[in-house]
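Work through the following exercises with the structure in view, and try each task yourself before you read its solution.

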Amino acid sequence: MIVINKSIKNHVYEELIKYAFNKCNVVMFVSKEIGFNDNDITILRKNMAELENRFKNDFISQAKRPSWVFSKNINDNNTYSNEKFNNLFKVYFYKSSDALKKYLLSNCDLYNWLNPKYPEDIAFFKNGICWLYSVSHEGICDIYVESEEEYNYLKNIGLEFLEEHYRDKFKEEIYLEKLLIENN
């Protein structure tokens with residue numbers, strides 16, 4: 001796991017998104033209905049419905065969950081013990097497509113993908129294995145760089161990593177999300 005050490009904006013963001021779409025075949029993002037007033041929840045639901053309709057040809061699956069592969073299960077600490085929080089997050093999976101790439105390029109900051117206006121926590125998967133994930137509201141982005149060449153390319157487009165040199169992934173760093181899809 002190689003953690004990005006600064007915000008990812010403008011040209012760096014654009015180049016990263018283009019690279020991710022060339023490399024990966026599935027895009028994931030999340031919507032959540034907690035911490036918002038009723039008006040924001042209405043806006044979020046409207047925006048997500050529009051998004052679902054806009055990219056229905058690329059849709060793979062969607063699930064309601066109390067957590068997802070990169071989030072801490074909030075029910076672990078009993079903060080939300082009420083049953084209504086069992087389906088707190090909607091996790092969406094879409095096939096990588098030019099239309100979806102254009103949509104993601106309409107924004108200029110990886111950490112600007114926040115509910116209720118946008119989906120959040122964008123992730124990219126290559127054959128079921130996560131290559132990049134982000135936690136927008138925390139300003140976190142991890143990339144599972146596959147080679148020194150890839151590491152150097154990403155540094156050359158402007159990404160800054162906490163780790164100064166490439167290293168192989170550890171087995172526990174390879175997050176797998178159980179997708180109900182065929183290997184696309």
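Pro116 is found in the loop between helix H3 and strand E5 (residues 120–126), where helices (H or I, at least four residues) and strands (E, at least two) are DSSP runs numbered from the N terminus. The model is a predicted one, in which local features need pLDDT of at least 70 and side-chain atom pairs count only at pLDDT 80 or more, while totals for chains, interfaces and linings use all residues. Residues are numbered from 1 along each chain as its sequence is written, and side-chain values use heavy atoms, with hydrogens and water left out.

**Exercise 1.** Determine what kind of peptide bond joins Asn115 and Pro116, and then find how far Pro116 lies from Ile41 in sequence and in space.

*Solution.* Begin with omega, which is about 10 degrees for the bond between Asn115 and Pro116, a cis peptide bond. As background, most peptide bonds are trans. Next, compare the two separations: Ile41 and Pro116 are 75 residues apart in sequence, but 6.9 Å apart in space, taken from C-alpha to C-alpha. Ile41 itself has its place in helix H2 (residues 38–54), and with a relative accessible area of 14% this residue is buried (buried means under 20% relative accessible area, exposed over 50%, and partly exposed in between, with a 1.4 Å probe and protein chains only). Finally, leaving aside its neighbours within four places in sequence, Ile41 is in contact with Glu33 and Phe36, contact meaning heavy atoms within 4.5 Å.

**Exercise 2.** Describe how helix H1 packs against helix H3.

*Solution.* First take the geometry: H1 (residues 10–23) and H3 (residues 98–105) pack at an angle of about 160 degrees, with their axes 10 Å apart. Here the axes are lines fitted to C-alpha atoms, for helices over the stretch in contact, and angles run from 0 to 180 degrees between N-to-C directions. That angle makes H1 roughly antiparallel to H3, since angles under 35 degrees count as roughly parallel, over 145 as roughly antiparallel, 65 to 115 as roughly perpendicular and the rest as oblique. Then list the residues: Tyr13, Glu14, Ile17, Lys18 and Phe21 in H1 meet Leu100, Lys101, Leu104 and Leu105 in H3. The residues of this contact divide into six nonpolar, no polar and three charged.

**Exercise 3.** Which residues of helix H4 are buried, and what covers them?

*Solution.* Start with the buried residues of H4 (residues 148–156), which are Glu150, Tyr151 and Leu154. Seen down the axis of H4, these buried residues fall within an arc of 100 degrees, so they line one face of the helix; the arc is that of the directions from the helix axis to the C-beta atoms. The face of H4 turned away from its buried side carries the exposed residues Glu148, Glu149 and Asn156. The cover over the buried residues includes strand E1 (2–3), H1, strand E6 (129–135) and strand E7 (140–143).

Conventions: Ala, Val, Leu, Ile, Met, Phe, Trp, Tyr, Cys and Pro count as nonpolar, Asp, Glu, Lys and Arg as charged, and the others, Gly among them, as polar.
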